[in-house]
Every structure is written in C-alpha cells, then in structure tokens.
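This briefing concerns a protein model shown below. Please look over the sequence and the structure before reading on.

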Amino acid sequence: MDYHTIIRQNEERLLQPHVRQSAAAVANLLADEFIEHGSSGRIYTKQDILVHLPQEQAAAITTAAFKTTQLAPGIILATCRSTHRQPGQPTTHALRCSIWKQVAGRWQMVFHQGTPTSEN
C-alpha cells in the first residue's frame, strides 16, 4: 500500500469518535515528540492529547481536498480541509496539516496544525 493511502487512513482514524475515545489507539498513531498547534490557539503535547481526547464530546468530523507531499524519505506532509459538526454547536471549518514520519515500519504523526477558516 502506498504512503498516501496509509496516511489518509490514519488521519481518518484519528477523526473517528471510537478511536478518539481510546488513549491506546491514539497513542499508537502519535509519535512521542508529537506537538499540535490547535485551531483554538492552544499548543498540545502527546500527553495533553491522550488526556483531552477521551473527554471530548463526540462530533462528526469530515475532510475534503486531502493531499500528501513527501518532504524526505519517511517524512510526509498531509493537508486537507475539515468540517466539524457537533450537536447544538455551530459547524466549524479548518485547514489542517500534519507531518508524519515512518518509525519502525509504521507511520506516526509528529506535528498537527488546525487553522480556522470559512466554509470555502
């Protein structure tokens, strides 16, 4: 399987409510040095994410315009647009980018950033 497909599948896993509720599943997809610049403006470490995600209220998050670019052997940049729908809340949109690295034969995310944007 090519890296584009694997990275896309991993990104989609991280958006699924049952995966987000599992610290073990998320820990497997994030590198130990993971850092996120959230669309909220906060910065999160892997430990922050492992504590925060299981407490998050379930939401429907979808992506569009998914693209990958190889930055170096074993290093991939993934970009997309996301739509976040949560009951009782306004729908939000973001531009998302992630950097993935291949570690011991599997892909792990080392960086993620979400930037709020309009629908278009």
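This is a predicted model: local features need pLDDT of at least 70, side-chain atom pairs count only at pLDDT 80 or more; totals for chains, interfaces and linings use all residues.

In which strand does Thr68 lie? Thr68 belongs to strand β3.

**Thr68**
- Thr68 has a relative accessible area of 14%, and it counts as buried because that value is under 20%.
- The side chains of Thr68 and His4 are joined by a polar contact of 2.7 Å.
- Leaving aside residues up to four places away in sequence, Thr68 touches Tyr3, His4 and Ile7 as well as Ile76, Leu77 and Ala78.

**The largest nonpolar core**
- In soluble globular proteins, nonpolar side chains tend to be buried together.
- In this model, the largest nonpolar core contains 18 residues.
- The residues with the most contacts inside this core are Ile7, Leu14, Val26, Leu30, Ile49, Trp100 and Met109.
- At least two residues of the core come from each of α1 (3-15), α3 (23-29), β1, α4, β4 and β6.
- Strand β4 gives the most to the core, supplying 3 residues.
- Leu30 touches Leu14, Ile49 and Met109, and also Lys46 and Gln108, when residues up to four places away in sequence are not counted.
- Ile7, one of the residues with the most contacts inside the core, is also among the residues that Thr68 touches.

**The largest pocket**
- Rolling a probe the size of a water molecule over the atoms shows where empty space is left.
- The largest pocket holds about 660 Å³ of space.
- Its lining is formed by 27 residues, and those nearest the centre of the pocket are Arg20, Glu36, Ser39, Glu56 and Arg96.
- Two or more lining residues come from each of α1 (3-15), β1 (30-37), α4, β4 (75-85), β5 (92-103) and β6 (106-117).
- By residue class, the lining of the largest pocket comprises 12 nonpolar, 10 polar and 5 charged residues.

**Ala58**
- Ala58 is found in the loop between α4 (46-52) and β3 (60-72).
- Ala58 touches Pro17, Gln86 and Pro87, with residues up to four places away in sequence not counted.
- Ala58 and Gln21 are 37 residues apart in sequence, and their C-alpha atoms are 8.8 Å apart in space.

Conventions: Residues are numbered from 1 along each chain as its sequence is written. Side-chain values use heavy atoms; hydrogens and water are left out. Helices (H or I, at least four residues) and strands (E, at least two) are DSSP runs, numbered from the N terminus. Contact means heavy atoms within 4.5 Å. On a 1 Å grid over the protein atoms alone, a cavity is a set of points where a 1.4 Å probe fits but cannot get out, and a pocket is an open set with protein on both sides within 12 Å along at least five of seven lines; lining residues have an atom within 4 Å of a point. Grid points are joined across faces, edges and corners, and a volume is the space filled by probe spheres set on the points. Ala, Val, Leu, Ile, Met, Phe, Trp, Tyr, Cys and Pro count as nonpolar, Asp, Glu, Lys and Arg as charged, and the others, Gly among them, as polar. Buried means under 20% relative accessible area, exposed over 50%, partly exposed in between (1.4 Å probe, protein chains only). A polar contact is a pair of N or O atoms within 3.5 Å; within protein, one must be able to donate a hydrogen and the other to accept it, and residues adjacent in sequence count only if both atoms are side-chain atoms. A nonpolar core is a set of buried Ala, Val, Leu, Ile, Met, Phe, Trp, Tyr and Cys residues joined through side-chain atoms within 4.5 Å.
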